[in-house]
Each structure stands twice: as structure tokens, then as C-alpha cells.
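Here is a set of questions and answers on a predicted model.

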Amino acid sequence: MFDFKYRFQWRQVINNLPAMLDGAWITFYTALLSMVIGIVIALTLLSMRRSNNVALRSVAIGWVSVARNTPALLQIYFLYFGLGAFGATISSWAALLAGITFNNAGYLTENFRGGLRAVPETQTRAARSLGMTSFQAYTRVVIPQLLRIVFYPITNQMIWALLMTSLGVVVGLNNDLMGATKALTDLSYRTFEYFAVAAIIYYVLAKLTFGVARLAGWKLFSY
Amino acid sequence: MFSTDLTSNDLIFLVQGAWVTIELTALAMLIGTVFGTLFGFVRASFPTASIPLAFVLDVFRSVPLLIQFVLLNSAKSIVGLKISPFTVGYVVLGVYAAALCTEIVRGGVLAVPKSLRLAARSLGLTSLQDTLHITLPIAARVAFPGWLNLMLAVMKDSALVTWIGIIELLRTAQQINTRINEPLFVFFIAGLFYYVVSWAVSQLGNQAERRLQND
């Protein structure tokens, strides 16, 4: 039934492993960076959503719904090719980072909005009556409690961001894990071997991130 | 003949691409729902015995979809299997959907109170009857919103099949953009399609959810 004449060649994958691991590091920090910026934007969008200003509220609602209702790849395309139309050409990496951050911010805002229900309104009022400004109450009372509640959704989002960085290759990124692997397969045509190893690295990376986050969560929130 | 405007042919091309996206989503969701429901029940009924299954399904959720497409696509060439990239596309998406659907169904099944199942059994229903007539309808109600979200996620992720050479909505948009060089305009049209479908489905979902929760 099958015509199996393929010989697997793993040796050269092993030889090129350092290049792939360098790529894995870029993948990891791109994801981390997009999460950090994404969380900051999400917190801003969250407060914009709750503001009385219609313009601010619409921007926040629009951001969230576009980020959640269109493919991440389209968002990256839009930034990579679209900004060029304004004469602002950005690198593949910048387009990838901006795309994932845009996407992350949208999803995180929804997560945070859910988490905010668990922070009683009385907390804000208590903080305000203690003489804090509304900004202080938000940043020092609400957000610390919110982050505790949404820690696990954030972890999930981080893993998702990690996997999503693989989309950079579609707009020509060649030094993250996916891009480096693609570059190596282009030289050798050993597609299966290289991508199988890349898949394992992504898996390990995702599980390590998950483990570290669990450990950090346990350390931070066991009081 | 050599047009640099958006012609009616381009629009037809985009609609064809959109249709491929819909086909991919439908086929993937069919595979995902059948296997997801099966595995979800197994996961909920035998939590310890099915840990290997959970591990395997977790792998599909922890490896980028793009790599899964590439791997199956090259694996089928290696073993000399003559299937089209389109088949590879919906099979990979289907397995991915199954992995996610399993968790959704499992959550739904676990949300059915144990006492209800015991009551069904003590009324003389067999285990199969209890599963089909008592647990499944209640679990479906709990799992439905998650399932709709999954469908939207699969539709958006189907954009990635462009990488193995399937001409779907995003790819058609990109090809048109290559010719007319109006990225904002072309990608806006493609984005609008995804957006409208997602929005409409989630509105329907909200409505259905409200109705299901009322009775």
C-alpha cells in the first residue's frame, strides 16, 4: 500500500540544534514581551471600557472585538503589508510582535473583565474614601487583586502567544524557532525531521512555561 | 486585461476563498465534534485510565498548528500517501478541534450532577440510556457556548492552511494584494468576512445560550 523509500536523517538536525535553540530563545522572549505589553494595554483598555467617555469606550470595545473576531495571521498581515501603505515599513519581527500584542491585549481585556467581577466594587469605594485618587485606587487596590484572579488565564494566554509567534515565518521572520527551522529545511529539504524536532522544542517550551508559571503562582499567591 | 483595480473577478475569487474557509471549518468541526464528544465522555468517565489519551490530546494543543500542518503534509509525502493538501488541512484542524472539544465536553459531562445520573440508573435506565438520554442533553447545554467559541477559533485558525498551499480566504486576499498592491483595502475585505461571520455566530450563540438557560 505504501511506497516507503524515505530515509530519515537526524544527524544534521542534531548538528543544527544550537541554531534552533537560539531561535527558541527569540520565540520565548517575543512571546514574553508581547504578554507584558499586552497586559499593560489590556489594563488600559479595561479602564477605558469602564469610563464614561463614549469615544474611549468605543475604541476599547472596537479593539477587543476586532482582535477576537479576526485571525491573528490577518492581523499580522495587516500590520506588515498595511503599514507599508502609509510608508512605514516595519520589520517582520516588529509586525509579529505588534500583531500578537494587539491580539493578546484583546483577549486579555475580556479575561480581565471577567476577573473584575470578582473584585467587589466596595474595594474601590473603600480606597477612594481613604483618600486615594481614582487612578491610585485602580492601580494599587483593584489591579493587584485582579492579577491574582486572572493569573491562570494569563498563563494560558502566554502559552498561546508562544505558539502564535510561529506565525512570524509567514511574513518572513527567519530567526525565531519556526523561522530558523524553515531556513534550515530550505537548505536541506529535510522538512519532516526538522519540524518534528521543532515541534518537540515548542512542546517543551510550552510545558516549561506552564510549570514555571504554576510554581510562581504557588509562591506568589500562597498566603 | 492587465488591470490594477479590484475587478469583479477578484470578488468572485475572494468568495471562492471564503467558501474554502467555510468548508475547512465545517469538515474540521465535524471530525472535532465526533471525536471530541467521544473522548470527552471517556475522559469524564475514566479520569485515571484515560490519562494517556489526555497526554496525547495535550500535545496537539501545545504544538503550533502551523508545524502540525507541515508535519502531516511532509509525513504523507514520506509514506507516499496520495491525499490532497486540502485533506491534510481539515484532518489537522479536525484533530486540533477534537483535542479542544474533548475538554469542552468533559467540562459539560462533569457539570451534570452525579445524583441525577444515579437517579436515572435507579429508575431502571441502563448505563447507555443514562448517557444518551440524561447526561448528553444536559452536558450539551453546558458545552454549547464553548463549542461555538471553538468553531470560531477553528475558522480563524483555518487561515494557517495557506502555508501548505491551500487557496482559502486569506490566501486569495494576499494574491489579489500582490497584484493591485492595496493591502489595507484587500485585507479589510477579508477581515470583514471573518469579522461578520464571527460576530453573527457569537450573537446567535448568545441568543441560544439565553434560551437554553431559561428553561
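Q: How much area is buried between chain A and chain B?
A: In this predicted model, the contact takes 38 residues from chain A and 36 residues from chain B. Carbon and sulfur atoms give 78% of the area buried between the two chains. That buried area is about 3,300 Å².

Q: How many salt bridges are counted between chain A and chain B?
A: Across this interface, six residue pairs are in polar contact, both residues at pLDDT 80 or more. A salt bridge needs a Lys or Arg side-chain nitrogen within 4 Å of an Asp or Glu carboxyl oxygen. B:D58 and A:K207 form such a pair, with the closest N and O atoms 2.6 Å apart. Between chain A and chain B, the count is one.

Q: Which element gives the largest share of the side of chain A that touches chain B?
A: The elements that give two or more residues to this side are α3 (54-69), α4 (72-82), α8 (151-164), α9 (177-188) and α10 (191-221) of chain A. The largest share is ten residues. It comes from α10(A).

Q: Which residues of chain A are in contact with B:I67, leaving aside its neighbours within four places in sequence?
A: B:I67 is among the members that touch the most others in the largest nonpolar core, which has 95 residues. Neighbours within four places in sequence are left aside here. The contacts of B:I67 are then A:M178, A:F195, A:A198, A:A199 and A:Y202.

Q: Which element gives the largest share of the largest nonpolar core?
A: Of the 95 residues in this core, A:M20, A:F112, A:L167, B:I67, B:F69, B:L93 and B:L170 touch the most other members.

Q: Which helices hold B:D58 and A:K207?
A: The two residues form a salt bridge. B:D58 counts as buried at 16% relative accessibility, and A:K207 counts as partly exposed at 30%. The pair joins two chains, so the helices are α2 (residues 51-62) of chain B for B:D58 and α10 of chain A for A:K207.

Q: Is A:L45 buried or exposed?
A: A:L45 is found in helix α2 (residues 17-49) of chain A. Not counting residues up to four places away in sequence, A:L45 touches A:A60, A:W63, A:A105 and A:T109. The cut-off for buried is under 20% relative accessible area. At 3%, A:L45 is buried.

Q: How far apart in space are A:L45 and A:T101, C-alpha to C-alpha?
A: In sequence, A:L45 and A:T101 are 56 residues apart. In space, their C-alpha to C-alpha separation is 13 Å.

Q: Which residues are joined into one network with A:R113 by salt bridges that share partners?
A: The side chains of A:R113 and A:E110 meet in a salt bridge, 3.1 Å from N to O. Both lie in helix α5 (residues 92-116) of chain A, three residues apart, about one turn of the helix. A:R113 counts as partly exposed at 31% relative accessibility. Shared partners join A:R113 with A:E110 and A:R49.

Q: What is the N to O distance in the salt bridge of A:K182 and A:D186?
A: Both residues lie in helix α9 of chain A, four residues apart, about one turn of the helix. A:K182 is partly exposed at 25% relative accessible area, and A:D186 is partly exposed at 44%. Their side chains meet, N to O, at 2.9 Å.

Q: How many helices has chain B?
A: From the N terminus on, the elements run α-α-α-α-α-α-α-α. Chain B has zero strands. The number of helices is eight.

Q: What share of contacts in chain B, between residues at least 6 apart in sequence, joins residues at least 24 apart?
A: The C-alpha atoms of chain B fill a box of roughly 75 × 45 × 25 Å along the principal axes. Of its 215 residues, 40% count as buried. Among the contacts asked about, the share is 76%.

Methods. Residues numbered from 1 in each chain as written. Chains lettered and ligands numbered in written order. Predicted model: local features only at pLDDT ≥ 70, side-chain atom pairs only at ≥ 80, totals over all residues. Heavy atoms only, no water. Contact = heavy atoms within 4.5 Å. Buried area = accessible area lost by both parts, 1.4 Å probe. Polar contact = N/O pair within 3.5 Å; in protein donor to acceptor, adjacent residues only side chain to side chain. Core = buried A, V, L, I, M, F, W, Y, C linked by side-chain atoms within 4.5 Å. Buried < 20%, exposed > 50% of the residue type's maximum accessible area, 1.4 Å probe, protein only.
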